[in-house]
Amino acid sequence: MTTSGKNNAALCLSAEHVTKIYGGRTIIRDISVHLDEGELVSLLGLSGSGKTTLFQILSGLSVPDEGRVLLKGEEMTGQPGRVGYMLQKDLLLPHKKVIDNVSLPMVLRGVKKEEARRAAEPYFAEFGLDGTQLQYPSQLSGGMRQRAALLRTYLAAEGVALLDEPFSALDMITKGQMHAWYQDVMERIRLSTLLITHDVDEAILLSDRIYLLTGSPGEIRHELQIRPPRSGRKDFNLTPAFLDYKREILEILEKRG
Amino acid sequence: MRERLENTRRNWPALCAFCLLLLLWWGLCASGLVPSYMLPSPQSVFLAFVNDFPTLMYHASISAQEAVYGLLIGVALAFVMAAVMDRFQVMERAIFPLMVVTQTIPTIAIAPVLVLWMGFGMAPKITLVVITTFFPVAVGLLEGFKEVDPDEINLLRSMRASRRQIFFHVKLPSTLPQFFAGLKISASYAVVGAVISEWLGGFEGLGVYMTRVKKAYAFDKMFAVIILIVIVSLLLMGLVDFLRRIAMPWNHVQEKNAAEQGRHVRM
C-alpha cells in the first residue's frame, strides 16, 4: 500500500474550505486539502501563495476565518500540539543537548526528562544520529541538524507531520542525500506527511500526491497523483515520466502564476 | 593542560604591560623624580600591604559581604522586574523610565541620605549596592528576552507549551549570555559601590579604613587599600565568569568550535 487513495486508506488530516483574511487582504481562499494515513502529500506553490499561512492553520497555531481542520475525523481547528510542525530553520535549541532537543515534545507533555530521553534513544540509530545524543546542536552538520529536527517533529506528532520547506536551506549535494535518506526512513516509520515546497523536483520525487497552490489569494488549482510507488523511485528524476510530470506542473504554474 | 597553555599565550601581552607599568612606577620613585609623600614606591606599598594584612582582611571581608549581598538582592530584583516587564508591556512602559532615572542619581549624593534613613550599619551600604547593580542585569535580561527568536517560541507553541514552559525552556536559557554580561558589569560596580557608601558613614569596611589612613597621610597604606579593592573586584568578576561557564556549557563548546576554526584559518 505505497500509493494510496481515498478508498483504501484512512483519512488522517484535512482542511475543509479554509479561508484566511489578514489585515483586510485574503491570503488563502476556500482551500480544501486532505492527507491519508501513511501518505506524503506536497503543497507546491510560488512564494506569496499562502503556503505557510495554510500550515499555521493546519498546525493549530492560527485560526481560519472560515472553514475547519480535522484530525482523524475530530475537529482541531485552532488547537496546537496535535501535529508535528517543522520549519526550514531547524530551530534546535542551542542550549539543549541533541537528545533533550529531540525529546522536548514529550517533556512539554509532562514526561520526566530521564524517561523522555529513554523513549527518544531508540530512534537515534533509525535517523542516522547515533553518537550525537549528548552533543550540542552547534557540533552537528547542517544535514544532521535537519535530521534531528525531523526526529523531534516525529516525536511531537500523533503520526502526522507538517514540514515547511525542510530541505531548502541545504546545499544541493546535502539536499540530494537528505532526499534519499528521507525516502528510506519514511518507508520504515510511515509518518503521514504534508510537505511545503517550492522545489518542483523535490515535490515529484518525494510525494504520493501534489497540490498546486497558486495565485493571490492562494487557491488550490490542481491536484496530481504521482504514479510510481514511493519505494521504487531511485533515480526517478532521470526518467521521461518524471519530466512529463515536471512539464505538466510548470505549465500550470506559469499559466496561473 | 593544553587549554592552560593557550591561556598563557593569549594573556602574555597583558602581563608584560602590567610589569612594564610596575617598573615605570618603581623607576619614578627610585629616581626621586616624584617625592615619596606624593607617590609611595611599590616596595613601601607592598610592605604596608603585608604589615596591615590582618586589618585589611577584616575590612575587606566586611566590604565583600556588602558587595555580595547587594549583588544577590540586586540580581533577584532585576530578575523579577525583567520578567514582569517582559510579560506585561504596560509595566515596561511604566517602570523602565524610572529605572533609568535611578541610574542618573549620583551615588555620592544618595549615600548620606541612606545613612540617615538606615543608620551606620550594613543596611545603607547594601541598599546602595542594590541600586547600582540591578540596572545592568535588568537591562541585559530584558534585551535578552526581546531577542529570542519568535520562531522558537512558535515551535514550542506548536507543541502546546504553556507560557511558563516557554519561559523556562526557551526565553531564560537564551537570555543567559546577556544576563552574564550584565552581571559582570554589576560585579565590578558592587565593590566600588560598597566602598563609596562606606566613605560617607560607617565604622568598618575598606572605605572606612581608606578615609582613616588618608587622614593620617599614610599614602602607602592608602595605595595598599586601593590595590586590595581592585583584587576583590577582580575576584568577584572571576567568580561571575566561573559561574557563566558552569551555567552555559553549550557556550563553551561553541567557543571551542569557533577557536578551532579560527586556528585553521590562520594556519
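## Confidence

Chain A has an average pLDDT of 85, with 96% of its residues scoring at least 70. Over residues 1–8 of chain A, however, pLDDT stays under 50, and for this stretch the model has 18 contacts beyond four places in sequence. Where pLDDT is low, the predicted coordinates should not be read in detail.

For chain B the mean pLDDT is 88, and 95% of the residues reach 70 or more. Within chain B, confidence is highest in helix 3 (residues 53–87), at 93, and lowest in helix 11 (residues 249–266), where the mean is 68.

## Helix packing in chain B

Two packed helices are described by the angle between their axes and the distance between the axes. In chain B, helix 4 (residues 89–104) packs with helix 6 (residues 123–146) at an angle of about 140°, and their axes are 10 Å apart; the crossing of helix 4 of chain B with helix 6 of chain B is left-handed. From helix 4 of chain B, the residues Glu92(B), Phe96(B), Met99(B), Val100(B), Thr102(B) and Gln103(B) meet a set in helix 6 of chain B that consists of Ile131(B), Thr132(B), Phe134(B), Phe135(B), Ala138(B), Val139(B), Leu142(B) and Lys146(B). Sorted by class, the residues of this contact between helix 4 of chain B and helix 6 of chain B are nine nonpolar, three polar and two charged.

A second pair is formed by helix 7 (residues 150–158) of chain B and helix 8 (residues 163–199) of chain B, which pack at an angle of about 145° with their axes 10 Å apart, and here the crossing of helix 7 of chain B and helix 8 of chain B is right-handed. Helix 7 of chain B brings Glu152(B), Ile153(B), Leu156(B) and Arg157(B) to the contact, where they meet Gln165(B), Ile166(B), His169(B), Val170(B) and Lys171(B) of helix 8 of chain B. The contact of helix 7 of chain B with helix 8 of chain B comprises four nonpolar, two polar and three charged residues.

## Nonpolar cores

The largest nonpolar core holds 53 residues, of which Leu56(B), Met99(B), Phe179(B), Leu183(B) and Leu206(B) touch the most other members. Helix 8 of chain B gives the most to this core, contributing 11 residues. Leaving aside residues up to four places away in sequence, Met99(B) touches Met81(B), Met85(B), Phe134(B), Phe135(B) and Ala138(B).

Apart from this core lies another, of 40 residues, whose members include Val41(A), Leu43(A), Leu58(A) and Leu104(A).

## Selected residues of chain A

Ser14(A) is placed in strand 1 of chain A. Because its relative accessible area is 5%, which is under 20%, Ser14(A) counts as buried. Not counting residues up to four places away in sequence, Ser14(A) touches Val33(A), His34(A), Arg68(A), Val69(A) and Leu70(A).

Most residues other than glycine have a negative phi. His17(A), which lies in strand 1 (residues 11–22) of chain A, has instead a positive phi near 50°. Arg190(A), likewise not a glycine, has a positive phi of about 50°, and its place is in the loop between helix 7 (172–189) and strand 8 (192–197) of chain A. With a relative accessibility of 37%, between the limits of 20% and 50%, Arg190(A) is therefore classed as partly exposed.

Note on methods:
Residues are numbered from 1 along each chain as its sequence is written. Chains are lettered from A and ligands numbered from 1 in the order in which they are written. This is a predicted model: local features need pLDDT of at least 70, side-chain atom pairs count only at pLDDT 80 or more; totals for chains, interfaces and linings use all residues. Side-chain values use heavy atoms; hydrogens and water are left out. Axes are lines fitted to C-alpha atoms, for helices over the stretch in contact, and angles run from 0 to 180 degrees between N-to-C directions. Helices (H or I, at least four residues) and strands (E, at least two) are DSSP runs, numbered from the N terminus. A crossing is left-handed if the near helix is turned anticlockwise from the far one by less than a right angle, and right-handed if clockwise. Contact means heavy atoms within 4.5 Å. Ala, Val, Leu, Ile, Met, Phe, Trp, Tyr, Cys and Pro count as nonpolar, Asp, Glu, Lys and Arg as charged, and the others, Gly among them, as polar. pLDDT is the predictor's confidence in each residue, from 0 to 100. A nonpolar core is a set of buried Ala, Val, Leu, Ile, Met, Phe, Trp, Tyr and Cys residues joined through side-chain atoms within 4.5 Å. Buried means under 20% relative accessible area, exposed over 50%, partly exposed in between (1.4 Å probe, protein chains only).
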